[in-house]
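Let's take a walk through a protein model together, one piece at a time. Keep the structure open while you read, and find each residue as it comes up.

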Amino acid sequence: MLSRRLLAVRGWRRAYSSQGKPSECPHPSSCPMDQPQEQNQVQVACSKCFLLAQVPSSLNHFHLFSLYETFDVEQKVLSSKFKALQNVLHPDRFAGKSEDQAILADSWSSAVNDAYQNLSKPLTRALYLLECKGQPVQEGDAQVMDNEFLMHIMEVNEELDEVDSPEELAKLAKTNLDVLQDYFERISHAFQTDKVEQARELVKEMTYFCNIHEKVKAIETKLGVVH
């Protein structure tokens, strides 16, 4: 499970074109794209001609949504910025424009979707933030070696394997959500106080409880639980 998430997080490293003003810019000597940008912002389109800019070779997902690099992202704010970018990149806006602009729109749309997927979930957001801070969780680092911790995870999984009623599943799901909420708070505090290594260890542990959450959802589907 973790390997899939790591691949998703690292999707932003795909080789896009270098950031720059539109190739069809009608005002090359005074293009706003040549002006310095805010540190946490990425300019998708020219503010004068509204043509799409080139997609940066290294695209920071937080900056794409004009957010600072933080674990504490408000979902409503992120969703609002995501919808605004989707509106900018809507295919109808490029009807009659050049093929290059249509291709750029597709590239930007893919980049925006990747970024949103990474930032909208606590685990992938934490993994991505660790990459931004130069301390990524490698695939081989995912295992937590503490025997007591691993025994607890095994016990929870065994309980889930034996669940046969929605009521029993609901209790286990609630307990796991409480545990996850505690991890969210501890990871948030670790990042806020610049204790990146501590955050990294907590994220590795949290991965197991995120896997349990996914297992709970699969069992809910099997039992026909509707929320």
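## Starting in a loop

Let's begin with Leu 52, which sits in the loop between α1 (2-9) and α2. The helix names come from DSSP runs numbered from the N terminus: H or I over at least four residues makes a helix, and E over at least two makes a strand. Is Leu 52 buried or exposed? Leu 52 counts as buried because its relative accessibility is 1%. For these labels, buried means under 20% relative accessible area, exposed means over 50%, and partly exposed is in between, using a 1.4 Å probe and protein chains only.

Now look for Val 88. Leu 52 and Val 88 are 36 residues apart along the chain, and their C-alpha atoms are separated by 9.3 Å.

## What you are looking at

This is a predicted model, where local features need pLDDT of at least 70 and side-chain atom pairs count only at pLDDT 80 or more, while totals for chains, interfaces and linings use all residues. Residues are numbered from 1 along each chain as its sequence is written, and side-chain values use heavy atoms, with hydrogens and water left out.

The chain has 8 helices and 0 strands, so reading along the sequence gives you α-α-α-α-α-α-α-α. Of its 227 residues, 42% are buried. As for contacts (heavy atoms within 4.5 Å), take those in the chain with a separation of 6 or more: 71% of them are between residues 24 or more positions apart.

Helix α3 covers residues 75-88, which is 14 residues. From its first C-alpha to its last it reaches 20 Å, close to the 20 Å expected at 1.5 Å a residue. That expected span is 1.5 Å times one less than the number of residues in the helix.

Which residues of α3 are buried? They are Leu 78, Ser 79, Phe 82 and Leu 85. Seen down the axis of α3, the buried residues fall within an arc of 125°, so they line one face of the helix. The arc is that of the directions from the helix axis to the C-beta atoms. These buried residues pack against α2 (61-64) and α4 (99-120). Over on the other side of α3, Lys 76 and Lys 83 are exposed.

Next up is the second largest pocket, with a volume of about 340 Å³. Of the 19 residues that line it, the closest to its centre are Val 44, Ala 45, Leu 52, Leu 85 and Val 88. To find a pocket, a 1 Å grid is laid over the protein atoms alone; a pocket is an open set of points where a 1.4 Å probe fits, with protein on both sides within 12 Å along at least five of seven lines, and lining residues have an atom within 4 Å of a point. Grid points are joined across faces, edges and corners, and the volume is the space filled by probe spheres set on the points.

Which helix gives the most to this lining? That's α3, with 4 residues. By class, the lining has 12 nonpolar, 4 polar and 3 charged residues. Here Ala, Val, Leu, Ile, Met, Phe, Trp, Tyr, Cys and Pro count as nonpolar, Asp, Glu, Lys and Arg as charged, and the others, Gly among them, as polar.

## Three stops along α7

Ser 188 is in helix α7 (residues 166-192) and is buried, at 8% relative accessible area. Not counting residues up to four places away in sequence, Ser 188 touches Phe 71 and Asp 72. Leaving aside neighbours within four places in sequence, Tyr 183 is in contact with Phe 149, Leu 202, Glu 205, Met 206 and Phe 209.

Glu 167, also in α7, is exposed, with a relative accessible area of 54%.

## Positive phi angles

Ser 66 is not a glycine, although it has a positive phi of about 55°. Ser 66 lies in the loop between α2 and α3 and counts as partly exposed at 29% relative accessibility. Asp 194, in the loop between α7 and α8 (196-223), isn't a glycine either, and has a positive phi of about 60°. Asp 194 is exposed, at 58% relative accessible area. Just after α8 comes Gly 224, with a positive phi of about 75°.
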